[in-house]
Amino acid sequence: VGKSGTALAEHLQLDGVEAEDHIVLAAVTDDGDVLSADAARRLFDVPAAVDRVATGNVPPRVVALGKQLVASLLADISARQGTWFDEEMDKLDRWAEDKRTGFKADLREHDETLKTLKRDARQAASLPDKLAIQKKIKQVEAAREEAWRAYDAEARDVEVAKESLIDDVES
């Protein structure tokens, strides 16, 4: 009460994963006392009148305080976004691991089927039986190759998703 000073308000707008708007308030009395962020915000709740218009010469201490507050806010936002980024990358890694596990199970199943069919082909008594089993072997080998192609396609999809996430965060 009864003091005067300088207040600086800066609008900080960030466009990223989510758009954010912040008002950074820095206030210093003419005696050099720094107001807390809450006290600076409460200044806007108090009825006031302009008794003079600033000439554009903001005291260096207020400018420095404003830069410090902006830097602190950006560091907090960066830390929060870093945590979010890590969580998203972990989700993609878990998704990729789930896909790999499923494909490995499919490939093991195909390998076991092939092993059984090849054993049966060696033990088959007649040529027509051997030919029929060889046709089944070709079908299972084709299915196995298709499973490998699907595995490769999923691996590429995971990499594309990671790249997309990185590009989005960079922009």
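Mentor: Happy to! The chain has a radius of gyration of 34 Å, whereas a compact globule of 171 residues would come near 16 Å; the radius is taken over C-alpha atoms, and the globule rule is 2.2 Å times the number of residues to the power 0.38. This is a predicted model, so local features need pLDDT of at least 70 and side-chain atom pairs count only at pLDDT 80 or more, while totals for chains, interfaces and linings use all residues. Residues are numbered from 1 along each chain as its sequence is written, and side-chain values use heavy atoms, leaving out hydrogens and water.

Along the principal axes, the C-alpha atoms fill a box of roughly 110 × 25 × 20 Å. The elements run β-β-α-α-α from the N terminus on, giving 3 helices and 2 strands (DSSP runs numbered from the N terminus, with H or I of at least four residues for helices and E of at least two for strands). Of the 171 residues, 20% count as buried, meaning under 20% relative accessible area, with exposed over 50% and partly exposed in between (1.4 Å probe, protein chains only). Among contacts (heavy atoms within 4.5 Å) with a separation of 6 or more, 61% join residues 24 or more positions apart.

Now for your rings. Rings of Phe, Tyr and Trp (its six-membered ring) pair if their centres lie within 6.5 Å; planes under 30 degrees apart are stacked, over 60 edge-to-face, and the rest tilted. That rule gives 2 aromatic pairs here. One of them joins Phe103 and Tyr151 edge-to-face, with 5.8 Å centre to centre and 85° between the planes. This pair links distant parts of the chain, 48 residues apart: Phe103 sits in helix H2 (residues 60–123) and Tyr151 in helix H3 (residues 127–170). Phe103 counts as buried because its relative accessibility is 15%.

The rings of Trp148 and Tyr151 have planes at 90° and centres 5.7 Å apart, so that pair is edge-to-face too. Here both residues belong to helix H3, 3 residues apart, or about one turn of the helix. Why does Trp148 count as partly exposed rather than buried? Its relative accessibility is 33%. Put together, Phe103, Trp148 and Tyr151 form one aromatic cluster.

His110 lies in helix H2, and it counts as buried because its relative accessibility is 18%. Setting aside residues up to four places away in sequence, His110 touches Val140, Ala143, Arg144 and Ala147.

Another stop in helix H2 is Ala121, buried at a relative accessible area of 9%. Beyond its neighbours within four places in sequence, Ala121 is in contact with Lys130, Ile133, Gln134 and Ile137. Its C-alpha atom is separated by 10 Å from that of Lys135, 14 residues apart along the chain.

From helix H3, look at Lys162. Lys162 is buried, with a relative accessible area of 16%. Not counting residues up to four places away in sequence, Lys162 touches Met89, Leu92 and Asp93.
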